[in-house]
Amino acid sequence: MAQAVARGALPVWLSVLPWGLTLWCLCGAGPLWSGNHEWKKLILTQHWPPTVCKEVNTCRDTLDYWTIHGLWPDRAEDCNQSWSFNLNEIKDLLGDMKVYWPDVIHPSSNRSQFWKHEWDKHGTCAAQVDALNSEKKYFGKSLDLYKQLDLNSVLLKFGIKPSINYYQLADFKDALTRIYGVVPKIQCLLPEQGETVQTVGQIELCFTKEDLHLRNCTEPGEPLSSKQEDWLAMGAASTHGMMVCEDGPIFYPPPAKTLQ
């Protein structure tokens, strides 16, 4: 009797195979998220091109306004390596991209490698949110937030403009907090040999994940992941010398002449 049952029964692995195939198909139907990529807020990071060019010393040109560095989920990177960047997806945005999100370091003709890097590293993670779940949405919303913040005009409104004279870090923090109602993160380039003052290079303003409303970049008692601490201390790959600014004098450099 036991032998008859054994002969008529399917092996366990065959009985669960259809369910396994179904789950595999369902998983394969959507974005291929890899690993644990939970994050809680978005960081819109803007950098000051003259400082970036001062650091890398290879810029072909420089600009006299703050530009977008990226829109970064705070605790996730490279979430979907199968979701390749496609320049055609943002062809309608290229006019604004070249103005407000330029690659000030590399002199390539379309400078799209910078955008590819931001999409691969950060955009594929931000895409977990419906409002950012495509290339066009991610870059388009980043441009919208940049224009909404209007950082260049805010600083000018408080008389903060590039100058050979120094400001205090508090001048920047107070102006931004008064306008936006949240505490920003400000990063500086450390003094080079023979210099005594840090140079402002990057400003981060943060947004909630759920509804993209401004929020403090850190809350009292909020723990930071080791990766997030690295980001806050070092910025991205193109800003290795930048750290969170220390209280005290700060240099906001005027644009240099275009390098040949």
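Contact is taken here to mean heavy atoms within 4.5 Å. The structure is a predicted model, in which local features need pLDDT of at least 70 and side-chain atom pairs count only at pLDDT 80 or more, whereas totals for chains, interfaces and linings use all residues. Residues are numbered from 1 along each chain as its sequence is written, and side-chain values use heavy atoms, with hydrogens and water left out.

The protein has nine helices and eight strands, where helices (H or I, at least four residues) and strands (E, at least two) are DSSP runs numbered from the N terminus. Of the 260 residues in the protein, 43% are buried, a term that denotes under 20% relative accessible area, with exposed standing for over 50% and partly exposed for values in between (1.4 Å probe, protein chains only). Among contacts between residues at least 6 apart in sequence, 74% join residues at least 24 apart.

In helix α3, which comprises residues 49-56, the buried residues include Pro49, Pro50, Thr51, Val52 and Cys53. The elements that cover the buried residues of α3 include the strands β1 (41-47), β2 (67-73), β4 (185-189), β5 (198-208) and β7 (242-244). Just after α3, Asn57 adopts a positive phi of about 60°.

Elsewhere, Gly140 lies in helix α6, which spans residues 135-149, and Gly140 is buried, its relative accessible area being 13%. Although Gly140 and Asp92 are 48 residues apart along the chain, a distance of 9.5 Å separates their C-alpha atoms.
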